Structures are given as C-alpha cells and as structure tokens.
Amino acid sequence: MTFTPYTRPAQPAPAPKAGRREWLALAVLLLPCLLVSMDVSVLYFAVPFLTAQLEPSSVQQLWILDVYGFVLAGLLITMGALGDRIGRRRLLLTGAALFALASGLAAAARSAEMLIAARALLGVGGATLMPSTLALIRNLFHDATERGKAVALWSVAVTGGIAVGPVLSGALLEHFWWGSVFLVNTPAMALLLICGPLLLPEFKNPAAGRFDLLSSALSLAAMLPAVYGIKEIARNGVTAPPVAALAIGLLAAFLFIRRQRTARHPMLDLQLFRHRGFCGSILTNLLAMFAVVGCAVFLTQYLQSVRGMSPLEAALWNLVPTLAVGGMAPLSAALARRIDRAQVIALGFVLAAGGFIWLSWLEPASALWFALAGSAVYASGLVMVMSLGNELALGVAPPERAGSASALLESGTELGGALGMAILGSIGNAVYRGDIGGALPTGLPAGAAGAARETLAGATAVAAPLPGRIGTALLTAARTAFTHGLHAAVLCAAAVMAAAAVLAVALLRGVRTTGAGQDGPAGRPDRPATTDGAAATGAGAPGDGDAGPAGTGATGPTPTTTTTAAPTRP
C-alpha cells in the first residue's frame with residue numbers, strides 16, 4: 001500500500017501593503033471629497049447676498065440651491081461607468097479642472113441664469129469626482145485593514161465637508177462678497193491637478209467595452225426626476241408635478257435595468273446585486289443618510305429659530321458633534337477586525353436610535369449641551385454605519401468595477417437624503433401645523449395666523465412686529481409646536497434605525513472582505529487572486545457563493561478566473 005504524504009493547500013498570497021506613496025495619494029483624494037460635500041451646503045448663508053445683487057425670482061432661487069444636487073445625483077452612475085472605461089485618474093483630473101472652471105464662473109456670475117448654469121456645471125464636475133475618489137481608494141489599498149482605515153478617513157472628509165460648508169461660508173461673507181464661497185475651490189483643485197499625476201496611478205477596466213449612451217440617458221432620466229420629485233414633495237407637499245416626476249423616474253429606472261440585462265456592454269454589472277454584502281451595504285448607507293439629512297434640518301432650525309442663534313453661531317455649534325465623532329470611523333474599522341462587521345453596523349444603528357430617543361426629550365428651554373450631546377450620540381452611530389458600509393461595498397465589488405460600485409453607493413446616499421428630507425420633514429411639519437393650530441393667541445392680524453401655521457420661520461417673522469404679549473405668546477406657541485414636530489421626526493428616525501439594525505444582521509452576517517480583495521462569507525474566500533492582488537472574477541460577477549437572499553443558501557454562478565489588468569504607474 002502506498003501512502004501519499006499530506007500537502008497543505010496553498011494559501012493566497014498576502015495582499016500588498018500600502019506605502020508612503022499610497023497614503024499621500026489618499027491625502028490628495030480627500031481634497032475633492034471635502035470640497036464636493038461642502039458645495040452642497042456652502043450657499044446657505046450666501047443666498048441673501050446674491051439675492052440682493054442678482055435679484056433672482058423665487059423659482060430661480062430654488063434652482064440656484066438645488067440644481068447642483070440634481071445634476072450630481074443624475075450623473076453619478078454615468079460617471080462611475082465612464083471612469084471604469086477611460087481611467088479613474090483621467091476622469092478625476094478632468095473633473096477637477098471642470099470643478100475649478102465652474103467655481104470661477106459661479107463667482108463671476110452677473111445674472112441668476114449664469115449662476116444656475118455654473119452650479120449645474122459644478123454638479124457635472126462633482127459627479128466625476130466622488131465615485132472616482134472612492135474607486136481609486138479601492139485600487140490603491142488591497143489590504144482589507146488598510147482599506148478600512150482609508151475609507152473611514154474618506155467618510156470623515158465627506159461628512160466633515162457638509163458641516164464645515166456653512167461655517168466657512170459665514171466666515172467668508174463677514175469679509176468678502178458672496179462669490180468668495182466658490183473661489184475656495186480653485187486653489188484646492190489646482191493642487192489636485194498638480195499632485196494627482198505624480199501620486200495617483202491609473203486604473204481602468206480593459207473588458208468594459210463601449211460606453212452606452214442610451215444607458216447614460218436612462219440613468220439620468222431615472223435619478224434626476226426622482227430626486228426632484230422627492231424634494232418638491234418635502235417642500236410643497238403632494239402635488240401633481242412632483243408625483244409625475246417620480247413616476248417618470250420610476251419608469252426610466254425600469255427601462256434602465258432592462259437595458260442593463262440586454263445590452264452587449266452594460267453600464268452596470270447587475271451581478272453586483274447578487275452579492276448580499278453589496279446590496280446590504282447600499283441599503284444600510286441609504287437608511288443612515290435618511291436619518292442624517294432628515295433630522296439635520298430640524299436641529300439647525302432648533303438652534304436658529306428656537307434658541308435664537310445667528311446662522312454663523314448655529315453653524316459653529318453644529319461643528320461640535322462633528323468634531324466629537326471624528327474618531328468613530330477608525331474605531332469602527334478596528335472593531336470590524338475583531339468581530340463580525342454586521343454586529344458593528346447594527347451597533348451603530350442602535351447607537352443612532354439611542355441618540356434620536358435622547359433628542360425626543362429636547363425642549364425649547366433645554367440646556368444647549370443636551371441638544372449637542374444627543375446629536376453627537378446619533379452622529380457617532382451613523383458614522384460607524386456609513387464608513388463600514390462604504391468599505392464593505394468596495395471590498396466585495398471586483399476592483400475593475402470599483403467605479404460603478406462607488407457610483408451606486410453615492411446614488412443610494414443621495415436618494416436616502418432626499419427621502420429623509422421628504423418623509424421626516426413631512427412628519428415634523430404635520431405635527432407642527434396640528435399643534436400650533438389650536439395654540440394661536442387671539443387678536444392676531446389678518447393673514448398672520450396663516451403664515452404662522454406654515455412654518456416656524458413664518459411664525460417668527462409674524463411675531464416680530466406684534467405687541468409684546470401677543471408676539472411673545474405666538475413665538476412661544478410656535479417654538480413649542482416645532483419642538484413637538486422635532487420629537488415626532490426623531491422618534492420616527494429611531495424606529496427606522498432599530499429596524500435597520502435588524503436588517504444589518506440579517507443581510508450582512510458572515511460577509512467580510514479579505515486582504516487581497518477575495519470576498520465571501522467569513523472564512524471562505526471565493527475568488528482567486530490575480531497578479532496585482534485584486535480579485536479575479538468571471539464576467540464581472542462578485543462570486544459571493546452566498547449570493548441569494550440571506551439564509552436561502554442559494555448560490556450564484558461559479559466564477560471563472562480572468563486576469564485584471566495591473567495598474568499603470570505614472
């Protein structure tokens with residue numbers, strides 16, 4: 001009898017570690033993240049100044065504020081797919097040049113129409129920058145631990161930019177004209193254009209095929225009307241135009257998905273959605289952004305209209321929770337290396353729910369620290385969720401599809417924010433109107449009651465010229481009613497966060513990424529590594545091995561091994 005000696009199975013080669021060059025490249029990539037997210041909120045304080053000079057109509061003023069976000073959301077998927085084809089560094093640098101140019105045009109605008117056009121151009125540039133930065137992080141950091149740290153820093157830059165935008169805007173407007181809030185972008189983008197070619201390698205998907213213009217048009221027709229409709233419903237209630245826009249967006253989304261199934265070179269690889277880790281990450285990020293955006297509006301108004309702070313003072317105090325949670329993203333990445341990341345994400349949602357419940361006890365006369373502490377608690381939890389969700393989605397997506405995966409993540413966060421503003425905003429406004437309707441003081445002038453019922457800002461404006469007792473009574477009633485609306489919104493957010501914690505465990509339990517990008521259920525990588533340490537895939541499929549619905553045991557197609565082109569260094 002012949003005995004065959006036991007041979008230990010070959011283990012995948014360890015993922016290459018990032019060096020100084022990669023970390024310097026990350027620092028360069030954080031610049032556009034910070035600025036693109038800042039441009040969402042930088043105009044908040046500048047509106048009165050540009051309105052006085054440009055004299056826009058009410059409709060034009062809304063478009064000045066919203067067109068940037070609309071175009072950004074509508075083009076994310078297109079730009080993510082384009083980066084996979086032409087190269088992510090090339091798209092990033094092109095977007096940086098476009099963003100700098102558009103910023104100069106916005107600062108020099110002499111009419112409302114010119115400013116709207118410049119803001120739309122800024123949205124095009126922003127749509128090229130966001131998915132490119134996240135995709136390049138996926139390609140720069142092959143080691144799962146290092147990639148987790150990099151994505152955590154990316155998440156901090158994005159959330160920090162939204163918080164810093166109003167503060168920077170207020171500070172600039174104290175000394176300069178309104179166009180200065182746009183010129184801040186120019187030197188940062190110039191630095192990116194100089195350093196990017198030196199530090200950032202180029203990555204593209206050699207098997208991506210031709211760019212599909214019809215798919216691009218359908219993705220734009222799906223996202224833009226949907227975001228517009230949701231925001232208009234949040235602003236003006238359910239009326240025919242936004243409902244029609246939503247219907248158009250849903251129809252375009254159906255046609256877009258159908259096109260991806262039949263096109264020879266689809267813009268999106270629908271096999272990504274067979275991986276429960278990828279779908280779960282998009283869903284958790286969407287729900288987190290739902291709560292962040294939906295409740296941020298109430299807290300900002302609470303500081304300004306209930307506590308009577310100036311806009312700049314309110315913006316500065318809003319920075320306190322942001323600074324307090326700066327270390328939560330790295331902490332969550334460290335926890336995810338020790339325990340199942342599904343449990344860490346669920347913990348983040350539970351922490352967020354606790355913060356929202358805390359804020360349900362907030363009153364007009366509450367101490368300022370009470371409001372800031374509650375905000376810091378829920379923000380801590382949601383930073384944990386979003387940083388781990390981003391990192392997991394990138395880890396389970398094939399490196400050659402990182403641009404498309406990043407664009408889908410960003411699209412999910414845009415939709416989540418719009419839904420949060422619409423749903424939580426509508427709940428809060430409904431409670432406000434119901435409460436103040438029975439608490440208005442007698443003796444109000446004609447028309448004052450109607451304005452006071454609409455918004456807290458309207459009630460504050462009406463109360464200012466009224467005699468002392470009546471004005472004080474109206475202001476007290478409005479502030480109390482608004483606080484009750486805030487309570488309803490945060491309790492709704494807390495319920496959504498509790499449900500999201502359960503979903504996170506159900507969808508993400510056991511899913512993890514491993515060093516070389518070989519991603520599958522815990523303890524069993526499914527894809528062999530390629531020469532560059534990235535994951536090999538068959539036809540772009542993630543190859544999860546657990547690709548069916550959680551708990552079904554269904555399996556996706558067996559991936560075949562292909563070779564991903566190695567990154568080219570400048």
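I began with Thr483, which I located in helix H19, residues 468–508; helices (H or I, at least four residues) and strands (E, at least two) are DSSP runs, numbered from the N terminus. I note that this is a predicted model, in which local features need pLDDT of at least 70 and side-chain atom pairs count only at pLDDT 80 or more, while totals for chains, interfaces and linings use all residues. Residues are numbered from 1 along each chain as its sequence is written, and side-chain values use heavy atoms, with hydrogens and water left out.

I then looked up the accessibility of Thr483. Thr483 counts as buried because its relative accessibility is 0%; buried means under 20% relative accessible area, exposed over 50%, and partly exposed in between (1.4 Å probe, protein chains only). Leaving aside residues up to four places away in sequence, I found Thr483 touching Leu362, Glu363 and Pro364, where contact means heavy atoms within 4.5 Å.

**Whole chain**

I recorded 19 helices and two strands for the protein chain. Of its 570 residues, 55% count as buried. Among contacts between residues at least 6 apart in sequence, 79% join residues at least 24 apart. The chain exposes about 22,900 Å², of which carbon and sulfur atoms supply 67%; these areas come from the Shrake-Rupley method with a 1.4 Å probe, and for residues only the protein chains shown count as cover.

**Cysteines**

I searched for disulfides (pairs of cysteine sulfur atoms within 2.5 Å) and found zero in the structure. Cys492 is in no disulfide, and its nearest cysteine sulfur, that of Cys295, is 8.4 Å away. Cys492 counts as partly exposed because its relative accessibility is 21%.

**Second largest pocket**

I took a pocket as an open set of points on a 1 Å grid over the protein atoms alone, where a 1.4 Å probe fits, with protein on both sides within 12 Å along at least five of seven lines; lining residues have an atom within 4 Å of a point. The second largest pocket holds about 580 Å³ of space, a volume being the space filled by probe spheres set on the points. I listed 22 lining residues, of which Ile77, Met223, Ala253, Ile257 and Leu415 lie nearest the centre. Helices H9 (213–236), H10 (240–262), H11 (276–306) and H16 (402–437) are the elements giving two or more residues to this lining. H10 provides the largest share, six residues.
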